[in-house]
Amino acid sequence: MNRTYIKTIVFGILILTFTNCKAQTDEKPNPKINSENYYEYYQSGGTKSTTTDWLRRHEAVPIIIDELEKLGFKTKQYILYELEDGGQIILDVYNRENDLGIVFNTGHFAFIKKEQRNTRTYKQDKFKISGSLGKRKVYEALPKNIIVLQETWYWYQTQSSSNDKLVNKKTAEFILREDIRKKVAELEK
């Protein structure tokens, strides 16, 4: 192959990469999509390749903290919390004054279904001194002052070209914020 042809291909790939990165950083939440209707926007199959991903704990926790601070709560991260039965869990975010905790359950289902929003189970992995995975503790219910959020609820999709009919990452972040506000309001009743 001639060098000019190779340079053109490489330049084209760089332009596509830059364009895709720029499009993702310029994302805005879709105002039509919210926590009540976002499953209607899930796209599966079709002619365009669609990638589904989820907000991870390291992305969600700063959003949770920010939203709680906007609501007037001072927070701490990763607090060991003792339950009434003597068990202990690690809260991702905690407000001591109101005894309010939030856990973000990692892991997600392979297939997106609206019924997954009903999942309230919390799973906490324990690790051995060697670093290997120990016994997993499953909590079917936690005290009412602890809000359980699930990674599987905060999915988003991308395509190689912009598509305003997709739940983008900013919209997933907006839905997380919306959920926090709703759940805190429910606790305050």
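**Exercise 1.** Which residue in β6 is the bridge partner of Asp125? Describe the pairing of the two strands in this predicted model.

*Solution.* Start with the strands: β5 covers residues 122–127 and β6 covers residues 133–139. They pair in the antiparallel sense, over 5 bridges. Within this pairing, Asp125 has Arg136 as its bridge partner. Then take the hairpin, where 5 residues stand between the strands. Gly131 adopts a positive phi there, near 95°.

**Exercise 2.** Determine whether Gln124 is buried or exposed, and list what it touches.

*Solution.* Gln124 belongs to strand β5. Its relative accessibility is 9%; because buried means under 20%, Gln124 counts as buried. Leaving out residues up to four places away in sequence, Gln124 touches Gln88, Ile89, Ile90, Lys135, Arg136, Lys137 and Tyr139. For Gln88, a polar atom of the Gln124 side chain lies 3.4 Å from the backbone oxygen. For Tyr139, the C-alpha distance to Gln124 is 8.1 Å, at a sequence separation of 15 residues. Lys137, another residue on the list, lies over the face of Tyr139, 5.3 Å from the ring centre.

**Exercise 3.** Classify the ring pairs that involve Tyr154 with Phe104 and with Trp153.

*Solution.* The structure holds 8 aromatic pairs. In one of them, Phe104 and Tyr154 are 6.1 Å apart centre to centre with 20° between the planes, which is stacked. Phe104 lies in strand β4 and Tyr154 in the loop between β7 and β8, so this pair ties together parts 50 residues apart in sequence. Trp153 and Tyr154 have ring centres 6.0 Å apart and planes at 65°, so they are edge-to-face. Trp153 is buried, at 1% relative accessible area. The charged end of Arg117 sits over the Trp153 ring, 5.1 Å from its centre.

How values were computed. Residues numbered from 1 in each chain as written. Predicted model: local features only at pLDDT ≥ 70, side-chain atom pairs only at ≥ 80, totals over all residues. Heavy atoms only, no water. Pairing = 2+ DSSP bridges. Helix = DSSP H or I, 4+ residues; strand = E, 2+ residues; numbered from the N terminus. Buried < 20%, exposed > 50% of the residue type's maximum accessible area, 1.4 Å probe, protein only. Contact = heavy atoms within 4.5 Å. Polar contact = N/O pair within 3.5 Å; in protein donor to acceptor, adjacent residues only side chain to side chain. Phe/Tyr/Trp six-rings, centres within 6.5 Å; stacked < 30°, edge-to-face > 60°. Lys NZ or Arg CZ within 6 Å of the ring centre and 35° of its normal.
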